[in-house]
Amino acid sequence: VFIFLLWPVVARADAVWQAIFLEREIFIRTWWVIPVGLAIEYPVVFWMLKRPRRKAVEATIVMNITSFLFGTVLQAPTLGMREWSTAAVFLIAIIGNTFIEGLVLNRYRPGVFNRKTFGPLLGVNAVSVGLTLAVLFCFV
């Protein structure tokens, strides 16, 4: 039951990337934040997976696409909700992204997402989501 109560919260938090991809005018001005965010997350993914660089690049892209799609699908039932505070969106986005991306990384190397790797993955998500929010506020 608790998961279903959080559904709208996580879906709205993951709307940060959807704003860039789904709004043409926003995308034109802010497209560059996508590769920058992937580059920020890549070193931690490489460290976590201990796999060749190509696999780490692939995993970085796949985990972010998965998080994007998850947020897009779950966002539909929440479109009528009022605006969330920036801090709430930020915190929920980094926590939600960390869990989604951690589960994806477990597909590349089972058991890699654990207590030891949670903090670094949360940290890079904080930086990439923070950058994205800052760019959206500055350029939109």
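Q: What makes the pair Glu-58 and Arg-54 a salt bridge?
A: The closest N and O atoms of Glu-58 and Arg-54 are 3.8 Å apart. A salt bridge needs a side-chain nitrogen of Lys or Arg within 4 Å of a carboxyl oxygen of Asp or Glu, so the pair qualifies. The model is a predicted one, in which local features need pLDDT of at least 70 and side-chain atom pairs count only at pLDDT 80 or more, while totals for chains, interfaces and linings use all residues. Residues are numbered from 1 along each chain as its sequence is written, and side-chain values use heavy atoms, with hydrogens and water left out.

Q: Why are Glu-58 and Arg-54 separated by about one helical turn?
A: Both residues belong to helix 5 (residues 53–75), and they are four residues apart there, which means a separation of about one helical turn. Helices here are DSSP runs of H or I with at least four residues, strands are runs of E with at least two, and both are numbered from the N terminus.

Q: Why does Glu-58 count as partly exposed, and why is Arg-54 called exposed?
A: Relative accessible area sets the class: under 20% is buried, over 50% is exposed, and partly exposed lies in between, for a 1.4 Å probe and protein chains only. Glu-58 has 29% relative accessibility and is therefore partly exposed. Arg-54 has 61% and is therefore exposed.

Q: What joins Arg-54, Lys-55 and Glu-58 into one network?
A: Salt bridges that share partners join these residues. A search of the whole structure finds two salt bridges.

Q: What angle and what axis distance describe the packing of helix 4 and helix 7?
A: Helix 4 (residues 33–49) and helix 7 (residues 115–139) pack at an angle of about 175°, with axes 9 Å apart. The axes are lines fitted to C-alpha atoms over the stretch in contact, and angles run from 0 to 180 degrees between N-to-C directions.

Q: Why is helix 4 called roughly antiparallel to helix 7?
A: Angles under 35 degrees count as roughly parallel, over 145 as roughly antiparallel, 65 to 115 as roughly perpendicular and the rest as oblique. The angle of about 175° therefore makes helix 4 roughly antiparallel to helix 7.

Q: Which residues in helix 4 meet which residues in helix 7?
A: Contact means heavy atoms within 4.5 Å. Val-33, Val-36, Gly-37, Ile-40 and Val-44 are among the residues on the helix 4 side. The helix 7 side includes Pro-120, Leu-121, Val-124, Leu-131 and Thr-132.

Q: How do the residues of the contact of helix 4 with helix 7 divide?
A: They divide into 12 nonpolar, five polar and two charged residues. Ala, Val, Leu, Ile, Met, Phe, Trp, Tyr, Cys and Pro count as nonpolar, Asp, Glu, Lys and Arg as charged, and the others, Gly among them, as polar.

Q: Why is Thr-132 called buried?
A: Thr-132, found in helix 7, has a relative accessible area of 0%, so it is buried. Ile-34 in helix 4 is 8.1 Å from Thr-132, C-alpha to C-alpha. Ile-34 also counts as buried, at 15% relative accessibility.

Q: Which residues does Val-62 touch, not counting residues up to four places away in sequence?
A: Val-62, placed in helix 5, touches Val-104 and Tyr-108. At a relative accessible area of 31%, Val-62 is partly exposed.

Q: How many helices and strands does the protein chain have?
A: The chain has seven helices and zero strands. Of its 140 residues, 39% count as buried.
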